[in-house]
Structures are given as C-alpha cells and as structure tokens.
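Here's a quick walk through one protein chain, from its overall build down to a single residue. Have a look at the model first.

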Amino acid sequence: MSDIVTFGETMLRLSPPRGERLERTRELDAHVGGAESNVAVAAARLGCDTAWLSKLPDSPLGRRVVSELRSHGVDVAVAWDRRPEARLGTYYLEHGGDPRGSDVIYDRAGASVTAATPDELPTTALEDASIFYTSGITPALSPTLAETTAAVLGASTQAGVTTAFDLNYRSKLWTPEEAGEAYESLFPHIDLLFAAERDVAACLGREGDPVEVANGLRSDFDFETVVLTRGEAGSVAVHDSEVFEQSVYDADTHDPIGTGDAFVGGYLAKRFGPDAGSVGDALAYAAATAALKRTVEGDVAVVTPAEVAAVTDDDAGGISR
C-alpha cells in the first residue's frame, strides 16, 4: 500500500564540472532525475510510502534508475522494455553563472517510456493509494503517453484516488497553445492542481492578482485545491473558501534543478502522509523542502523530516484568511 503513487519519465542527467563547457569537458557527473520520481523521492524521504510507475529499458541504465530510487525508499513498479533498441532518455546540464546562465540539452527521443500503454503498467499500486500524481511533462513526450496519462488519471478517479497534477510546462517539448489544450482536456480528472504563475499565464492565458487567478481556476475547473507558485514571491493556495499564502525560505542555491518537484513532494507528504496537516501546514512544509533542495547537488531532495521541521520552526508558516 502506498500513500502516494506517481507516473512519468526518469532520465540520466550528465553534467560537466562547474565552470567547464560540454564541448571541452572530459568528465561528466551522473544523476538520476525526473519530475514524478523526484516527487516520489521527496515524499518518501519525508515519511510517506511512495511508488513510481514507468517503463524502462532492461539495461544497465534502466537498472541504475531502479536502484537509485529504491535507495531513497521508493517502491518502483515498471514495465521492462526488452527490445534491442530500448533506451533511457538522458539530458545534459551545463551549469553557468551570469551572464551565460545554465543550459539543458535533451536526448530523450524514442525513450522506452514514450511507448508506455495503460495495460502494461503495473497499476495495481493505485488500488490502495491516497493520491496519484503526474505532471504536464508526461503527456508532452508522445501521443501514446498523452493517451496513457489520461487513462491512468481516469482510472485513478474511478478508483476514488485523489489526483494531483503539476502543469510543469516545458517550451522545448511543445508550444503554449498545445500545452494549454492538453492540460484542459485532463482537468476533469484533477483534484489538486499545482501550477507556476508563469505557466498559467503562458498556457492558460490567466494573469493578474494571484489569489484571483487561483480562485478562478478552482471555480472554472472544479478543482478541490489550487496551489500557485510564484518564484521569489512565494506561493498561494486556495482550498474551499480559504486562501493561504506562503513566503519562500532563504537558501544558498547550490543546484536549483528539481526545486519545484521538491515543493510538490513536500506538500503531498504533509497533506496526505502519515502526519497529515492542513493546507497551510503543507504549503509551509513545501516551501521548506524546496529551500533545502536548493542546497543539494542533483535533481532529488535528499532531505530529512528533521531538517524540514527546523526550517519551518523558524517561521510562522502560511497565512490563512
């Protein structure tokens, strides 16, 4: 039995040492990362029973993903791709400070997960789950995955499982118009929506006061809860008739990749885990988890409940009004 089940792609991240360029480096650090597995890891490390669904190549790289996620306490439920051409998607991250900035190069075309269908996924993990989570990256990867995402969300709804979805817009995968149309087709199956303010503006055409935007999304699409993240401006959540606001916690940024996933994982762990709290509690817990992730190299939030508690204890948490 899992508190939280997630579904999506996980890749191998390859990065040259800081300050070196990809075209010149002789070394590449390897990390495992993917939006939905990052969420599963964060929630697992914060005390939840979590499972991650996907499709992987039956290869050393596929097995590396499994062993990495299991080392964090995640139950891995995958379909194995045994074709000779089966492959794991990779991405290259070149760290760079101002004025150059960091750059990401994806090499994920034809990855095994892009052909995953509902009937081959071990979805029995959903039967006793409290919540199912996926993100907008997954349906963007292939037409097959778009159909599979909708099918698994629909099956979760029919099984009485609470569903959560993060827009997670990626401009290298599709246009804002394509993404917006796909998101809205999935909204009838979503109970809890996470969305970056910039993604809501770009893909759904909704701008303005964040509380009004969040309330508008909740009422128009009948979400139970909407959590709007606003970068350095913090986050806003609307649930029933209440509004919650949360500032960010100061952090020295060592590696920002995966911060949004850590936020979602922290929120789900506090809201739906064994020590479940209010929306305001979950929002503060999410902000603290995200801040801690920024201090950790790699995609996943290698944090502990005590560390998150230490951050939130220094602040009053969310504001309910």
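What share of the contacts in the protein chain with a separation of 6 or more comes from residues 24 or more positions apart? They account for 69%, with contact meaning heavy atoms within 4.5 Å.

A word on the ground rules: this is a predicted model, where local features need pLDDT of at least 70, side-chain atom pairs count only at pLDDT 80 or more, and totals for chains, interfaces and linings use all residues. Residues are numbered from 1 along each chain as its sequence is written, and side-chain values use heavy atoms, with hydrogens and water left out.

Now the fold. The chain carries 10 helices and 14 strands (DSSP runs: H or I of at least four residues for helices, E of at least two for strands, numbered from the N terminus). Its radius of gyration is close to what the globule rule gives for 321 residues, so it's as compact as a globular protein of that length (C-alpha atoms only; the rule is 2.2 Å times the number of residues to the power 0.38).

| Property of the protein chain | Value |
|---|---|
| Radius of gyration | 18 Å |

Buried residues make up 55% of the 321, buried being under 20% relative accessible area, exposed over 50% and partly exposed in between, with a 1.4 Å probe and protein chains only.

Zooming in, glutamate 307 sits in helix α10 (residues 305-312). Because its relative accessibility is 36%, glutamate 307 counts as partly exposed. Beyond its neighbours within four places in sequence, glutamate 307 touches Leu292 and Val302. Its C-alpha is 8.5 Å from that of threonine 289, 18 residues away along the chain.
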